[in-house]
Amino acid sequence: ARLSLDAGQNTEEEEPHEGEEFGVVVAGGIELSLGGKSYKLRKGDCFYFKASRAHYIANKGKKGALVLWVSSPPNF
């Protein structure tokens, strides 16, 4: 899925579930919250995790962010 986040916007927190998730930050910067820990990512950075922990993505920057987000199995 192509995910656009305006400045200050975040996704809803997803509860732990089966599967794996992968993403690439195409533009801007994001903060990935995963199981209570936060990871700052910027354009060109990738992430991968098993979806067994609560997670969400936030854009805490002043510009929009664009993320290519892949979930297996698909849950969107």
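Here are some friendly notes on this predicted model, going from its sheets to its side chains.

1. **Ground rules.** Because the model is predicted, local features are given only at pLDDT of at least 70 and side-chain atom pairs only at pLDDT 80 or more, while totals for chains, interfaces and linings use all residues. Residues are numbered from 1 along each chain as its sequence is written, and side-chain values rest on heavy atoms, with hydrogens and water left out.

2. Strands here are DSSP runs of at least two residues, numbered from the N terminus, and two of them pair if DSSP finds at least two bridges between them.

3. **How E7 is held on its two sides.** E1 and E7 run antiparallel and are joined by four bridges; Leu5 has Ala65 in E7 as its bridge partner. E2 and E7 also run antiparallel, joined by seven bridges. There, the bridge partner of Val24 is Leu68 in E7.

4. **The three-stranded sheet.** Another open sheet has three strands in the order E4-E3-E6, again with antiparallel pairing. Its edge strands are E4 and strand E6 (55-58), each of which pairs on one side only. Neighbouring strands of this sheet are turned against each other by 20 degrees on average, direction ignored. E3 and E6 pair over four bridges in the antiparallel sense, and Leu32 has Ile57 in E6 as its bridge partner.

5. **The E3-E4 hairpin.** Strand E3 (residues 29-34) and strand E4 (residues 37-42) pair in the antiparallel sense over six bridges. The hairpin has two residues between the strands, and Gly35 takes a positive phi near 60 degrees. Lys40 also belongs to strand E4. Is Lys40 buried or exposed? Lys40 is exposed, because its relative accessible area is 71% (exposed is over 50%, buried is under 20%, partly exposed is in between, with a 1.4 Å probe and protein chains only). Lys40 and Gly29 are 11 residues apart along the chain, and their C-alpha atoms are separated by 7.4 Å.

6. How many aromatic pairs does a search of the whole structure find? The search finds two. The rings of Phe47 and Phe49 have centres 6.1 Å apart and planes at 20 degrees, so this pair is stacked. Phe47 and Trp69 form an edge-to-face pair, 6.3 Å centre to centre with 80 degrees between the planes. For reference, rings of Phe, Tyr and Trp (its six-membered ring) pair if their centres lie within 6.5 Å; planes under 30 degrees apart count as stacked, over 60 as edge-to-face and the rest as tilted. Together, Phe47, Phe49 and Trp69 form one aromatic cluster. Phe47 is buried at a relative accessible area of 6%, Phe49 is buried at 3%, and Trp69 is buried at 11%.

7. Please have a look at Glu21, which lies in strand E2 (residues 20-27). Glu21 is buried yet has no salt bridge, meaning a side-chain nitrogen of Lys or Arg within 4 Å of a carboxyl oxygen of Asp or Glu. Which side chain of opposite charge is nearest to Glu21? That is Arg53, 11 Å away; Lys and Arg count as positive and Asp and Glu as negative, while His and the chain ends are not counted. The side chain of Glu21 does make polar contacts with the side chains of His55, at 3.1 Å, and Trp69, at 2.7 Å. A polar contact is a pair of N or O atoms within 3.5 Å; within protein, one must be able to donate a hydrogen and the other to accept it, and residues adjacent in sequence count only if both atoms are side-chain atoms.

8. **A cis proline.** Ser72 and Pro73 are joined by a cis peptide bond, with omega about -5 degrees. Pro73 lies in the segment after E7.

How values were computed: Axes fitted to C-alpha atoms, helices over the stretch in contact; angles between N-to-C directions.
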